[in-house]
Amino acid sequence: MIGRLGVSGPRINLSQRTGLSFVALAQLMLSLDNRIHTSKYNIITFLPINLFEQFQRVANAYFLFLLILQLIPEISSLTWFTTIVPLVLVITMTAVKDATDDYFRHKSDNQVNNRQSEVLIDGKLQNEKWMNVKVGDIIKLENNQFVAADLLLLSSSEPHGLCYIETAELDGETNLKVRHALSVTSELGADISRLARFDGTVVCEAPNNKLDKFTGVLSWKDSKHSLNNQKIILRGCVLRNTGWCFGMVIFAGPDTKLMQNSGKTKFKRTSIDRLMNTLVLWGSHASSVYAPVFHTE
């Protein structure tokens, strides 16, 4: 469970019980990078998933059923051409719209994943893409810079290890919030050699979406220190009115609280879709009931 700081680097354990053992789950977290995905499709999955989603609309499924019936001469005397043209047109236009939306999601993901952060690697600060940041890495942030992952604040340029953050992307609040490092880690300051030798162990809760809550314990120098939300800087925050700060990555990528709250992109059904589904179902039911009556008369 080692980050990129070497054998003596920081370690992360999880205290909440899950299907995996603590060691196995922590090792799994450390193997994950900081890459995020908000897109729904890729080149291979676009066609099957999009068609599946579109035929969840009752109107599309109904006209597909009519098309199949029209292909059987013994059942229908109408040509299948009158049904397939509008059906293909509707499906194609919807697919183009969905593909365009997902293209911009991919573009946004790439822009975020390729942002740069200063990461402490092999005893020196190096520029690294966000997507390559891992749990256990120590990151340097500067004023007005976005936070790449959920961090344990270690030290800052302000007295007593204080720093100020803006959380507008998380909760919509523009007023600045204060975070402060533990006194034992704030002494590290900006000393790269001391930060590179930091070998604390963090035992913390499993990834969750609670923005205002964090529980954990830092074990370092034969002593344990309680951690709470005031010691954590979340991904999506912006460092304000603070020259610099150093933090250790606790959660990365999909495990960050920001991504835990965003959830997976789902197929959205509007109220108009639900109304159309109901009308189509009632219409098809009415036609199946009254059509034989009219035919008999």
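This is a predicted model: local features need pLDDT of at least 70, side-chain atom pairs count only at pLDDT 80 or more; totals for chains, interfaces and linings use all residues.

Biologist: Why are Cys 245 and Cys 237 called buried?

Modeller: The word applies under 20% relative accessible area. Cys 245 has 0%, so it is buried. Cys 237 comes in at 2%, so it counts as buried as well.

Biologist: And Lys 140, is that buried or exposed, and how do you know?

Modeller: Buried, because its relative accessible area is 18% and the cut-off is under 20%. Lys 140 sits in strand β4, residues 138-142. Leaving out residues up to four places away in sequence, Lys 140 touches Glu 118, Leu 125, Gln 145, Trp 244, Cys 245 and Phe 246.

Biologist: Moving on to helix α2, how do you know its buried residues are on the same side?

Modeller: Those residues are Asn 50, Glu 53 and Gln 54, in a helix running over residues 46-54. They cover an arc of only 100° around the axis, so they lie on the same side of α2. As a rule, an α-helix has 3.6 residues a turn, so residues three or four places apart point the same way. The buried residues of α2 pack against α3 (58-70) and α4 (81-113).

Biologist: Why are α2 and α4 called oblique?

Modeller: Their axes cross at roughly 120° and come within 11 Å. Roughly perpendicular covers 65 to 115 degrees and roughly antiparallel is over 145, so α2 and α4 are oblique to each other. The α2 side of the contact is Phe 46, Asn 50, Leu 51 and Gln 54, while α4 brings residues including Val 90, Ile 91 and Thr 94. The crossing is right-handed.

Biologist: What makes α3 and α4 roughly antiparallel, then?

Modeller: They pack at about 150°, with axes 9 Å apart. Over 145 degrees counts as roughly antiparallel, so that is what α3 and α4 are. Among the contact residues are Phe 63 and Leu 67 of α3 and Ile 84 and Leu 87 of α4. This crossing of α3 and α4 is left-handed.

Methods:
Residues are numbered from 1 along each chain as its sequence is written. Side-chain values use heavy atoms; hydrogens and water are left out. Helices (H or I, at least four residues) and strands (E, at least two) are DSSP runs, numbered from the N terminus. Buried means under 20% relative accessible area, exposed over 50%, partly exposed in between (1.4 Å probe, protein chains only). Contact means heavy atoms within 4.5 Å. The arc is that of the directions from the helix axis to the C-beta atoms. Axes are lines fitted to C-alpha atoms, for helices over the stretch in contact, and angles run from 0 to 180 degrees between N-to-C directions. Angles under 35 degrees count as roughly parallel, over 145 as roughly antiparallel, 65 to 115 as roughly perpendicular and the rest as oblique. A crossing is left-handed if the near helix is turned anticlockwise from the far one by less than a right angle, and right-handed if clockwise.
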